[in-house]
Amino acid sequence: MRCSDLVRIFTADGVEVQALQGLTLSVDSGELVAIVGASGSGKSTLLGILSGLDKPTAGSVTVAGRDLLALSSRERVDYRRRTVGFVWQQTSRNLLGYLTARENLALAMSLARTPDRERRSADLLELLEVAHCADRTPSEMSGGEQQRVAIAVGLANEPRVLLADEPTGELDEATSAEVLEAMRGVNRELGVTTLIVTHDPTVSDHVARTVQIRDGRTATEVLRRTGVTAEGDEHMVAEEYAVLDRVGRLQLPQEYLTSLGMRERVRLALESDHVGVWPHVQQTQEEAADDER
């Protein structure tokens with residue numbers, strides 16, 4: 001996925017709202033990434049564009065080699081059927097209540113004319129550890145089982161990309177962890193690029209990369225890797241990065257700004273191997289005169 005300078009403006013009653021304000025994002029094939037942000041930050045708007053359900057006002061977006069802005073209406077339908085899979089927060093939007101898990105999968109595959117449907121249905125339900133739900137309707141499943149079957153439906157047509165919108169929003173903490181681990185297992189076993197959009201900070205514990213969106217732009221990223229102590233013990237190392245756009249703009253984490261009292265302007269200095277950033281302190285006339293002397 002490659003998004004460059006995405007802008008999305010909504011107009012209602014003559015008032016314009018900028019949901020995305022030049023967002024840039026790059027996700028490599030096979031990655032598992034969480035997009036986090038507060039309500040109104042633009043993360044759901046981004047997901048709507050990546051799923052082909054919406055179009056940006058400006059910018060460019062490419063998914064699995066397909067330029068989404070250049071797709072015709074028919075190509076956009078084909079893109080949603082074959083290139084991307086989608087998991088909604090509300091399981092009622094993922095599963096038809098009068099069909100069993102097996103039948104929900106079969107329906108998704110019949111629309112895209114996917115071959116060998118019975119074998120693929122059985123394999124996906126087994127991978128997501130809900131094979132015992134094959135002949136149950138959603139009302140006969142727990143919330144976690146419903147969401148894992150929903151993930152199976154999202155994967156039914158072998159998509160290149162799986163998009164999930166708040167997949168744990170209606171689940172308790174323990175069940176959320178089970179669903180997230182199921183998604184990590186799918187990513188590992190099938191190699192499908194997976195993007196999880198959420199406001200739930202605990203999602204970060206299940207992914208190697210977390211991207212935070214603030215005010216319609218990517219603000220910071222946290223990358224996680226396994227490190228080894230001097231004693232040979234493994235531990236998780238998390239490193240936070242600011243995201244630079246193509247003209248060099250970045251957003252500093254809000255807690256940094258608050259802690260150091262940074263606002264309006266900061267002082268910069270180019271060092272040999274880094275850039276220094278300091279709060280701007282207004283000098284008094286006496287201090288300025290002392291500096292001149």
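Biologist: Hi! Quick one to start: is Asp78 buried, partly exposed or exposed?

Modeller: Asp78 counts as partly exposed, because its relative accessibility is 30%. Keep in mind that this is a predicted model.

Biologist: Thanks. Which residue does Asp78 form a salt bridge with?

Modeller: The partner is Arg82, and the closest N and O atoms of the two are 2.8 Å apart. Arg82 is partly exposed too, with a relative accessible area of 40%.

Biologist: Where do Asp78 and Arg82 lie?

Modeller: Both belong to helix H2, which covers residues 73-82. They are four residues apart, or about one turn of the helix. In general, an α-helix has 3.6 residues a turn, so residues three or four places apart point the same way.

Biologist: Nice. How many salt bridges are there in the whole structure?

Modeller: A search of the whole structure gives 12. One of them joins Arg119 and Asp123, with 2.8 Å between the closest N and O atoms.

Biologist: How far apart are Arg119 and Asp123 in helix H4?

Modeller: They are four residues apart in H4 (residues 117-127), so about one helical turn separates them. Arg119 is partly exposed at a relative accessible area of 45%, and Asp123 is partly exposed at 42%.

Biologist: Which residues are linked in a network of salt bridges?

Modeller: Glu31, Arg209 and Glu221 are linked that way.

Biologist: Changing topic: how many disulfides are there?

Modeller: The count is zero. As for cysteines, Cys3 is buried at 4% relative accessibility, and Cys133 is buried with a relative accessible area of 0%.

Biologist: Let's talk about helices. How many helices and strands does the chain have?

Modeller: The chain has eight helices and 13 strands.

Biologist: I'm looking at H5. How many of its residues are buried?

Modeller: H5 is mostly covered, with 11 of its 12 residues buried. Among the buried ones are Glu145, Arg148, Val149 and Ile151.

Biologist: What covers the buried residues of H5?

Modeller: The cover includes strand S6 (84-87), helix H3 (101-111), H4, strand S7 (161-165) and helix H6 (173-190).

Biologist: What span should H5 have, and what does the model show?

Modeller: At 1.5 Å a residue, the 12 residues of H5 (residues 143-154) should span 16 Å. The end C-alpha atoms are 17 Å apart, which agrees.

Biologist: What about Ser139, where is it found?

Modeller: Ser139 is in the loop between H4 and H5. Ser139 is exposed, with a relative accessible area of 67%.

Biologist: What is Leu125 in contact with, leaving aside neighbours within four places in sequence?

Modeller: Its contacts are Ala101, Leu105, Val130, Ala131, Ala134, Val149 and Ala152.

Biologist: Last bit, the overall picture. What does the C-alpha trace span along its principal axes?

Modeller: The trace spans about 85 × 60 × 30 Å. Of the 293 residues in the chain, 44% are buried. The chain exposes about 16400 Å², and carbon and sulfur atoms supply 48% of that area.

Biologist: And what share of the contacts with a separation of 6 or more comes from residues 24 or more positions apart?

Modeller: Those residues account for 60% of such contacts in the chain.

How values were computed: Residues are numbered from 1 along each chain as its sequence is written. This is a predicted model: local features need pLDDT of at least 70, side-chain atom pairs count only at pLDDT 80 or more; totals for chains, interfaces and linings use all residues. Side-chain values use heavy atoms; hydrogens and water are left out. A salt bridge is a side-chain nitrogen of Lys or Arg within 4 Å of a carboxyl oxygen of Asp or Glu. Helices (H or I, at least four residues) and strands (E, at least two) are DSSP runs, numbered from the N terminus. Buried means under 20% relative accessible area, exposed over 50%, partly exposed in between (1.4 Å probe, protein chains only). A disulfide is a pair of cysteine sulfur atoms within 2.5 Å. The expected span of a helix is 1.5 Å times one less than its number of residues. Contact means heavy atoms within 4.5 Å. Accessible areas come from the Shrake-Rupley method with a 1.4 Å probe; for residues, only the protein chains shown count as cover.
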